[in-house]
Amino acid sequence: MTTDSLPLQRFTIVEVNDTGVPLCLRLATSLAAKIAADLGADVLKIEPPGGDPVRRAPPLLANGNGPGASALFQFLNTSKRSLVLDLKTESGRANLAALLDRSHACLFEEPASIAPLARGGKATAIEIAAFPAEMNAAARPVSELAIQALGGLMHMIGEPGRKPLKLGGHQASYAAGLTAFTGLTAALAAREAGQRAPHVRVSLAEVMQWVNWKAASGAAATGASPGREGKASEFQVVPCRDGHVAVVYTVTQWPATRNLIGDPRLQDEKFATRAGRRKHIAELYEIIAPWFADKTRAEIQKTAQAKGVPFGPIFTPAELLETEQYVARGFLAKMTHPDIGRLLIPQLPVQWNGRSFAPRPAPTLERAELAA
Amino acid sequence: MTRPLTGVRVLDFGLLTAGANTSAMLADLGADVIKIESGAYLDPFRVVGKMDDDEGWWNRSPQFRFTNRNKRGLALNLKDPGGQRVIRELARHCDVVVENFRRGVLDRAGLGYEALKAINPRIVFAAISSQGDTGPERMNVSFGSTLDATSGIASLTGYEGEEPRISGMDVNYPDQIVSLFATGIVITAVMEARRSGKGAFLDFSQREVASFTLGEEILAASADPAHRLAPRGNTEGDAYRCGDGRWIAATLDDPALDCSTQDRDAAVAALLARGIAAAPCNDGNDLLRDASLAGVTLVRDEQGGLVKGLPYRLDGKGITIERAAPDLGQHTDAVLRELLGYGDAELLALKRSGVTSTTPTVGDV
């Protein structure tokens with residue numbers, strides 16, 4: 001790869017946004033195609049008349065006059081081209097069929113009216129679905145929340161006596177989007193090696209279950225499922241002077257953690273083993289919490305890291321814009337939006353021979369309709 | 001059977017989930033993965049999952065077995081010049097290196113990217129670390145939920161109006177998603193190396209991968225400094241306790257829902273019939289019992305042990321486990337004979353000098 005070429009630029013990929021598809025599937029498909037587009041693939045996004053509904057989804061980018069374009073859409077559709085096709089019409093489907101014959105891969109959501117078309121063309125089909133094929137998707141409305149419940153993630157987060165919690169963000173959609181990207185590259189690698197590419201099907205529910213494998217592994221090993229432990233957990237969040245810090249340490253990091261806090265009561269035999277610490281966890285946190293209370297997150301991180309202790313200060317997305325590490329690595333790229341001006345957008349989380357992949361702004365609907 | 005990565009060989013220094021699972025996903029696509037550990041440094045999953053103190057405990061960890069199936073295992077001491085020499089010879093026969101050591105460990109052993117590239121210019125070197133290979137925090141340590149905190153995910157998770165929450169040690173969510181992305185990037189670089197003969201240094205920051213999942217929130221904050229976020233409970237719906245004491249989640253416009261007179265399955269069925277997205281809040285045992293959810297995501301190895309399957313289906317199918325996770329050093333001799341042509345005398349010399357082994361020299365790591 002030379003400095004002016006991109007690793008996937010020889011590939012043409014079609015992303016189909018059929019009408020009536022649940023939002024959580026749309027996000028997964030869009031993320032997978034966006035990664036390929038940022039890596040140089042020519043990604044053509046097919047939108048229905050009126051555009052991808054994600055164009056109107058929150059969070060919205062504030063401009064001087066109030067809410068504007070969707071940040072979600074901008075993030076998920078960088079570096080793509082867009083074409084509006086009415087897939088309910090004969091001519092719309094004929095146009096799509098012609099495009100698929102000139103493309104290497106097609107990402108689409110299933111069930112979709114165009115599924116037979118997408119599966120039958122020369123382009124390799126990458127399907128994104130909510131559920132495994134055996135579950136009757138037609139009888140199962142879906143949402144990000146329902147997938148996090150079904151895959152067992154919610155059972156793991158929160159207090160044992162209180163309601164289970166969803167992990168923040170669109171984690172079910174995005175984990176599935178990352179998976180679909182990897183499936184896409186496997187299919188492209190097979191094609192390029194002269195093999196028949198496998199047909200790839202990604203379901204959000206299976207990805208969530210796969211990500212949450214320790215629940216199944218724990219249940220299989222002991223008969224009892226792991227679950228949310230809240231204030232009974234070894235890892236907890238404690239307040240500090242300017243926010244919160246996650247207390248995290250491994251078994252081998254306990255002596256360093258104990259020495260860092262420096263309270264003589266932690267030398268007690270009952271805290272010497274993991275089992276002992278778990279048994280006396282409330283008392284342990286009573287002893288260590290005051291150490292955090294009068295320190296800032298920055299002080300805590302610096303002091304803990306110096307001793308090899310992986311405490312995690314909690315940052316908000318706004319604070320991440322100024323994080324020294326992200327600034328130094330150029331993780332957030334400057335991107336100019338035609339209406340809003342300069343924005344900072346996370347780039348693909350990889351550097352390739354020191355190079356990042358700066359995204360191009362998402363296509364506007366006006367230009368897309370012109371192209372159609 | 002020819003698979004997308006047939007003919008690709010991976011030198012796997014991956015540990016725990018982030019590294020070892022990236023190599024496992026490459027193995028699932030047909031790559032020949034040889035995992036390198038040593039008696040002096042085991043994959044920590046062998047120790048975290050310790051079941052007992054009996055002889056061979058290091059070969060029985062469920063977490064290790066889950067993540068390292070379909071690999072061959074070698075034990076070579078990275079700190080010994082003899083072990084380093086053998087690994088450099090192996091690198092000549094490999095296409096990919098996966099590692100998630102703390103920054104500098106492989107460089108100090110003379111096994112960093114520059115050293116291996118000099119031996120094999122087409123090597124694709126995936127370095128997966130907490131913070132990436134550059135920047136002021138490159139040497140920072142983290143463990144799973146550290147990155148829930150520092151990536152921003154925790155700031156959006158929690159009961160409304162209360163403190164932020166992390167996914168915790170039984171999930172360690174940021175560790176789980178890295179391989180889903182890194183595997184695709186490694187495959188992209190392998191395609192490039194097949195075409196150009198040139199490899200690549202791929203520098204992954206796990207923290208960046210986790211923050212990437214909040215891309216729209218970071219973008220929105222850059223447009224509006226007042227875009228402040230805090231834990232908001234369960235968005236787009238909520239969790240509800242049913243009559244049998246078990247929980248469901250439902251996406252309702254009107255959050256009021258009383259399912260206290262129904263058991264969990266009846267409550268979910270009634271909501272689905274009304275066209276409402278709903279699901280049980282499954283626990284690990286529910287997941288084991290659900291044959292369609294577990295269909296390809298969990299598999300049995302030849303010894304009957306439950307192991308990790310695929311996150312996707314290829315031609316409608318999952319994978320078969322061709323070999324269970326290796327015992328420590330199980331394939332050292334076989335691989336050194338096969339790839340490097342070593343004979344009995346050389347293998348014996350390596351064993352006598354402590355370069356190779358099948359037992360740990362450490363109790364805890």
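Leaving aside neighbours within four places in sequence, Lys80(A) is in contact with Glu15(A), Ser30(A), Ala33(A), Lys34(A), Ala37(A), Val43(A), Lys45(A) and Pro363(A), contact meaning heavy atoms within 4.5 Å. The model is predicted: local features need pLDDT of at least 70, side-chain atom pairs count only at pLDDT 80 or more, and totals for chains, interfaces and linings use all residues. Residues are numbered from 1 along each chain as its sequence is written, chains are lettered from A in the order in which they are written, and side-chain values use heavy atoms, with hydrogens and water left out.

Lys80(A) is buried, with a relative accessible area of 5%; buried means under 20% relative accessible area (1.4 Å probe, protein chains only).

Two side-chain pairs are listed below.

| Pair | Type | Distance |
|---|---|---|
| Lys80(A) and Glu15(A) | polar contact | 2.6 Å |
| Arg162(A) and Glu162(B) | salt bridge | 2.7 Å (N to O) |

A polar contact is a pair of N or O atoms within 3.5 Å; within protein, one must be able to donate a hydrogen and the other to accept it, and residues adjacent in sequence count only if both atoms are side-chain atoms. A salt bridge is a side-chain nitrogen of Lys or Arg within 4 Å of a carboxyl oxygen of Asp or Glu.

Between the chains, 135 residues of chain B are in contact with 137 residues of chain A. The count between chain B and chain A is ten salt bridges, and 45 residue pairs across this interface are in polar contact (both at pLDDT 80 or more).

Conventions: Buried < 20%, exposed > 50% of the residue type's maximum accessible area, 1.4 Å probe, protein only.
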